[in-house]
Each structure stands twice: as structure tokens, then as C-alpha cells.
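Student: I have a structure open and would like to learn how to read it. Please take me through a few features.

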Amino acid sequence: MITPTPMRSTLRVVGAAEHNLRGVTAEVPHGELVVVCGVSGSGKTSLAFDTLHAESQRRFVESMSSWVRAQVGQAPRPVYETMTGLLPSIGVAQRGPGSASVRATVATSAELYDLFRVLYARAGVLHCPTCRAPIRATTVDSAVRDLVSLPDGTPLTVLARVAHQRTTPLGPLLEGLGKQGFLRVRVDGQLVMLDEVPKFPAGPHDVELVVDRIKIAPERRERVQEAVATALKAGRGAMSAELGEGMAPREYATRPYCARCDRELPSLSPRLFSFNTPIGACRVCQGGGVVAQVDAASLVEPALTLAEGAVLTWGDNNRPTMLRWAAAAGIATDVPWSSLPWEARDRLLNGDGQTEGMLATAKKRPDERWTRELACAECAGARLSPEARFVECAGRTLPERLSRTVAESLAELGEVPAGLLTTPVLEELERRLSFLARVGLDYITLDRGAASLSSGEWQRLRLGAQVGNQLSGVLYVLDEPTAGLHPDDTQRLIRLLRELCELGNTVLVVEHDDAVIDAADRVIEVGPGAGVEGGLIVFSGTPAELRAADTLTGRWLRGDAKVAPHAVLTPRRFVRLEGLSGRNLRGDAELPLGVLAAVTGPSGAGKSSLIFDTLVPALTQRPGLPVERVIGGVGRVVKVDGSPLPKAGRSTVATASRIFETIRQLFSRTPEAKARGFGPERFSTAVAGGRCESCHGEGARRVAMHVLPDVVVPCEVCDGKRFDEATLSVTYKGHSIADVLAARVHEARALFGPVPGVSGVLETLDALGLGYLPLGQGVDTLSGGEAQRLKLARELGKPGEVEGALYVLDEPSVGLHPADLAVLLEALRRLVTMGASVIVVEHEPRLVAACDWEIAMGPGAGALGGRVVYAGPVRGPS
């Protein structure tokens, strides 16, 4: 008898060397909450996601059939020596804005929408989209039971509609009914005997067959049953019953059918409520909820004259012709558009019958400058077909329920009567909604687009969905779940992570938040520095032991390391927004210029709505804004958000920082390049000519191993140098183009010296703590903090464009260790010193405390927020 080997109590990896990891050994005890911390670029994500989670996913795929593996594709094996105690893993990583499907909503992403579809299919009541009458399918027996329950003596006329708005002659139809033994019909409400059929005028007619006329009595039950069965057969499954004076007629149908409108309706099923199926999607917007429409206001520049280019749809080729047409029509071409009379503007917009107007031209030439996505006029953004939109459950339609917040939806579930078919669905809905509320998302509406969520909201949404699955024995790998979460909400998140552990799961969190670190069972610090200076496990132990340890994180936790003090600046002036109305915003707001300002408040209070959905569009003069008046402006608006850098195989630090083009020009100006006729394109990896054609300038090749995972190996032709020998023979100050790409940022500074367009960016990269990055490192290997600082460096490297500009950043502290945060603050203060204004949407207490000005939104989330509750110098910690 073979004794089963007990499951190892620890996940252990030996010799992990993915990316910058230096053959480290790490242990993650099963069933515990483990935090991985360290400076940005130290190797945290490489250990947690690129090694442990990636290997778990790879092994899961390899356990499937060869056909499935071929369909899914095989990921490369992470670099490590041995790994034991590995669990099935679920990774919940951060994402950039807009990476979610345009059709994804909070309800679909949290796996709630399918439950609502089942609920409405089981407990919903169809309503005719035309007359709004409730439609209930019935049987012969149930219709008979309903009719014989009427008081004795009630007159009953059983009718079957046999023609609706018939335009062909009625003679053949009525003659046929007479031959079947029927005596009476009603034509357009008028009783007609079938043995004396008059002639009817041409035109549409309604014909109802009078099946029987009965007075209700117990002994006439069989006669009623026979009449009902006959009427349902003649009426193709539908009939009506007219009762005594003062009593409303009753409609019966064995199929979803509105007799009043003669409209066939689909049967209730989950498919009917899916906006991704033809039967459930709105016919106009195809389930998208929005349609692209031309916005007339965006077709012109109001301050310009026609001659100066006020009409954007008039291109360079046809502008002279259109100006002659306007002059011939008596329209002034030297008067600003805003001063033209209404009649002239209307003629320019709609044309004159012979010459098409701006609107017609714009519809033929879709352009993002004048095309806006507006809510579908047919479904009002509900995405569903009319048949699905008007199904009611406990008096509410599905779009009405989805328009509620998580908290409101939870409260309204009690309205739905429990039953054998609905109770399991209601219990699961309540459980999943409760999880979303507990991760701090109670303020979000269920129909909100997933692409509009912040990175932190998206991650907590997916986390709530995973907790709702109630799995055990799983390794959860999370990337900064506190991103975008107010400190007051962090404890709720920690309790949820603890629940995952209590279910028998292991939770591995990449995190910098002090509260999460203190709540962990074990902390692993990766360091000591970033890039090649990191990649080691410098600490592994309890949070208390970390606070006493001589590591970078330990020094910050116990307060030995702090953000450097600074002189507090006073705003030079303000941009005032009056009459805010976007999402939950209300009232007015003043945003300071000339300082470093923080917009704070609980999650869902309206911070992003104020800055990114209102302020930025207002300052860039986009039409249709949710604000009545904007007072003030800036020279340039630069948004530094979480959108990912391009991840093509040839995209590197040099190309992403926009210095590689200048470097290529430097090489093309060398005597040797001129002698050979090499231009800048010769030193590009993106086009043929100077690159290695074996690897297409990527420096590596992916080798298919068929039954084994593909392997990425250095190109044997160029030895990973990306270029051919002739190109590599050209040198700049003794360095080939491959040498430059292999050089780290701080080494490249010494090489290029004061070269315009290069030195400033390299100096900034070094000052932002990225001096260790090789210029040729692929951007797909950068951490989130490294990528964000790379974007900032591009702006800081353009000093001539900084003065008068406004920089807005969304949660810049995400992914940053406190030490990285200090470096980031120096960069932001440098922007302010250069004459710019900086506004950050932020929760991190250290960053907020280092700002000059604070705008607090609140007081609560969702409908309880949306107002500026404080504006002034930064307040001390509460």
C-alpha cells in the first residue's frame, strides 16, 4: 500500500532568476498573508507574478490535452532551479485605463450580470414594448380556471383574432369560417353574421371570431373549456374574453403575445437579457449602449473667421471653393464664426440643397475631432432590445436595477419574492454584492463601464468576484490592491484578504501600504536597490522583525527615513469650475495653479470625475462638458496616467523616452556613416536596412519546441546586438549603436554629454532613480513605477514647454516604495519650480503631506460625495 505524500506546507522556489532576480530562494507559507515589498524595479513583480504565478499557469496549461495547449499557446518557463509546494494560482494584476472591453461593465466583470439574467428569466414578467401591458403565457386549464371562478351569471364572450389590419378582401376568409360552422365574427368591432356577409370597403380591417357566448355557471365548465380550446387554436395561441358591463376584458395566450398590438414577443430566457446576442441587443447600438454621432459644436473654431479656418471640415483642397460659395451666398468670410448671424451658420451647417453643409461632410468623413460617442437614443444606454428592457421583476426592469449602486442593489433585493426558482439566485447575488461592498465599492453603479474604473477599483472588483467564488487551496497573487483606496477603507480590504486565508488559501500581495504590511503574517523585501542593484531577498520575516531590521523598508516604517521638508508655496491664481454636474459632482470648485496640489477624499467621492472628466476636457476646450462655466486657463495640459507604454518587441527605454531618434541622427553624422551613405534609418530596428534580418532587430528569437514550451534565445547571427556587421562598424566616440543600447542611463550621460534632446532626458532619468536602466531594455519588462517615471522624464526633458503647463497625475504613488516616492516628489517639485502647475489625485499620506495645497472631495462616496469639502493648505494628519 502506497502512503500518499502530504501536501507541502510551504511554497518554495530555489534559484529564481527571472528578469533581474539573482538566483534567489524564497518561501511562502501556505494559508498565510504574505507581502512582497521593495523599491520600484527591485524584482517584486518578477518574483510574485513572473515566476510563481507564471509557473502555476504554465503547469496548468501543460496538464491539458495537446489540442487545448495548441489553442491556448504555451508560455515560456520562468527561470528557476526548483519549485515545490506550488498551488493553483489566480493573479489579480493592475491594468491601465481602457484595457477592459468596451462592452464590459461592473456587473459583467463581477460576474453579477449572469445572475440577474437568470433571475429575470425565472421571475420576470413580460410587458409589451408598445402598450406596456403585462404579458403572461397561459394554458387552456389555467384560462378555464380563471374564467369559471367569475361570479355565476357573468356574461362571457370568447373571441379569437383571426386577422389584424388585413388589406386583402375579407370574403374568402369569412366564407371559410362559415364552412367550419362558426356563426359570428366582429369586423372592426361590428358584429357580422356569417350567413349574411356584407361587402366591406377596401382598407385594413381587424377580424375577431366569436367562438361562443356563455353565462358563467358550474354546469357550463366543459362548454367554457371547449370554447377556450377552440379560440386558442383559431387565434394561433391567443384569445380574449369579454365580460359583463363594467368588467375589463381578459387576454390569454399560450405564447408571449400582445393581442392588443398583435405583437409576438420572445419567451423569457437568459439569452434575452444578453446584450452580446442578436435577440437581446438593442437593434440600433448593437448592445454597445452608445453610438457615434457628429457633434455640430466641434465642427468649428468659434474665435476664427471662415477665411482663417473656422470650419474644420473644409480641407486645404476645397477651402477656396467653399469660401467662394459662402461669399456668393452673402456670408461674411472675415467675421468670427461666433459673430455670424444664425441664418448664416445654419446654411453653413446644413447646406443649401446644391452644396452640402458641414454636417453632411462630417458624416461622410468620421474624425475624432468632431465625432462623439453619445448614449443610444433608442435604448438610452441600456444596451438591451425593447423586449428585454420592459421585462419587470418585482416592479423593476433590469436596466433600472443595474443603474443602482452596489449598496442600493443590495437593499432592493428584498423586494423580489423568494421562491423555489429565485431563492438560490437571490442568495448568490446578495453574497457577491456584499463582497463588493466590503472591498469599498458600494458607491459604484452596476451599469458603469469597466474601462472607466481606476486601476485600484478594477483590481478590487476582480478581487470581490474571486472571493465570491469561495475557492480554497488557491494561491492568490495581488498587485497593490490598495491602489486608489482611501486609508479609511484599507481595513475592510485587509479583513477580506484574511477571509481568503481562512478559506484555506495563500495570499501573496505586492504592496507598499504600511497597514497591509503590518497586517501580514510574513514580509519578503526584495532589494537592496533597483534593476541590477536589486534582485536579492534582503529580508524575510514578520512585520515586527522588519521594523527592527536595517533595510530600506524597515527604516521608512520606523520613521528613520522621511520625505525631505520643503517650502510651502501659495497659488498664483485659480481655475474656477462653476455648476459641476458630471457623475456625482455638484457645486463649484477652484483648482490652484503654480503649486503642487493634491485632490483627496474617499474612494468614489468624485476626485477623478473632477480632474480627468471635467477639468482636463474643460481646459482643452472639448464641447459638451458637465460644467456650466470655466473661468481661467493654462497654456498646455499634460495627463500622466496609467496607460501602458507600447510593448512591441523592439520598444526600449531609448525609444520610449524619445531620445533614440536623436541618437540615430548622431550616428548618421559620423564621417564613417557619411562615407557609406548611412542615414538615420540605418540605425533603426524598426525597418530593414541596418538591422539584423534574422531576428528583425529584436536581438532574440523564439524557438518552437513543439511538445515543450517555446524558448527565447539570443539571435545566433547578431549575438543579441540587433544590427548587422556593417552598421555595428560605425562608432560614435568609440561606441557602436549596440554598445549605446547596452549602456545604462548613467553611463550614457557621460557618453553624450550636452547633446540637445538627449542630455536633458538622460539627466532626468538618472535624477528619477532610473540610472540603472539599460537604454536597450524592453519596456515590457519595466515595473509600473519605472514606466510612470519614464513618462515624467520625457516631460522634464523638455524645459521649454514646461512653463505655464498643467500636469495632472492619477495616483502617481501606485507601485512606489516610500524611497521612490521621495524621488518622485523631487521631480514634481522641479516641474513647479520650472513654472508649471501640478495636480495629483492621491491617497498616499506621505505624498499628500508634501503638497502645497489640498482639495478634499466628499464627504462620502457616490451620491454622498461629489462636493469640495475643503480647499486650502494641506491639513495635518487626522
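**Reading the model**

Tutor: Start with Ala137, which lies in the loop between β7 (134-135) and α5 (140-148). Helices (H or I, at least four residues) and strands (E, at least two) are DSSP runs, numbered from the N terminus. The model is predicted, so local features need pLDDT of at least 70 and side-chain atom pairs count only at pLDDT 80 or more, while totals for chains, interfaces and linings use all residues. Residues are numbered from 1 along each chain as its sequence is written, and side-chain values use heavy atoms, with hydrogens and water left out.

Student: Is Ala137 buried or exposed?

Tutor: Buried means under 20% relative accessible area, exposed over 50%, and partly exposed in between (1.4 Å probe, protein chains only). Ala137 has a relative accessible area of 54%, so it is exposed.

Student: Which residues is Ala137 in contact with, leaving aside its neighbours within four places in sequence?

Tutor: Contact means heavy atoms within 4.5 Å. On that basis Ala137 touches Ala253, Thr254 and Arg255. Arg691, by comparison, is 554 residues from Ala137 in sequence and 71 Å from it in space, C-alpha to C-alpha.

Student: How many disulfides are there?

Tutor: A disulfide is a covalent bond between the sulfur atoms of two cysteines. The search takes a pair of cysteine sulfur atoms within 2.5 Å as a disulfide, and over the whole structure it finds zero. For Cys37, the nearest cysteine sulfur is that of Cys501, 17 Å away. The sulfur of Cys128 is 3.7 Å from the closest cysteine sulfur, in Cys258, which is too far for a bond. Cys37 counts as buried at 1% relative accessibility, and Cys128 does too, at 0%.

Student: How should I read a single helix?

Tutor: An α-helix has 3.6 residues a turn, so residues three or four places apart point the same way. The expected span is 1.5 Å times one less than the number of residues. Helix α29 (residues 818-833) has 16 residues and reaches 22 Å from its first C-alpha to its last, close to the 22 Å expected. Of its 16 residues, 13 are buried, so α29 is largely enclosed by the rest of the structure. Gly835, whose phi is positive, near 100°, follows α29.

Student: Which residues of α14 meet α16?

Tutor: Phe435, Ala437 and Arg438 in α14 meet Arg492, Leu493, Leu496 and Glu499 in α16.
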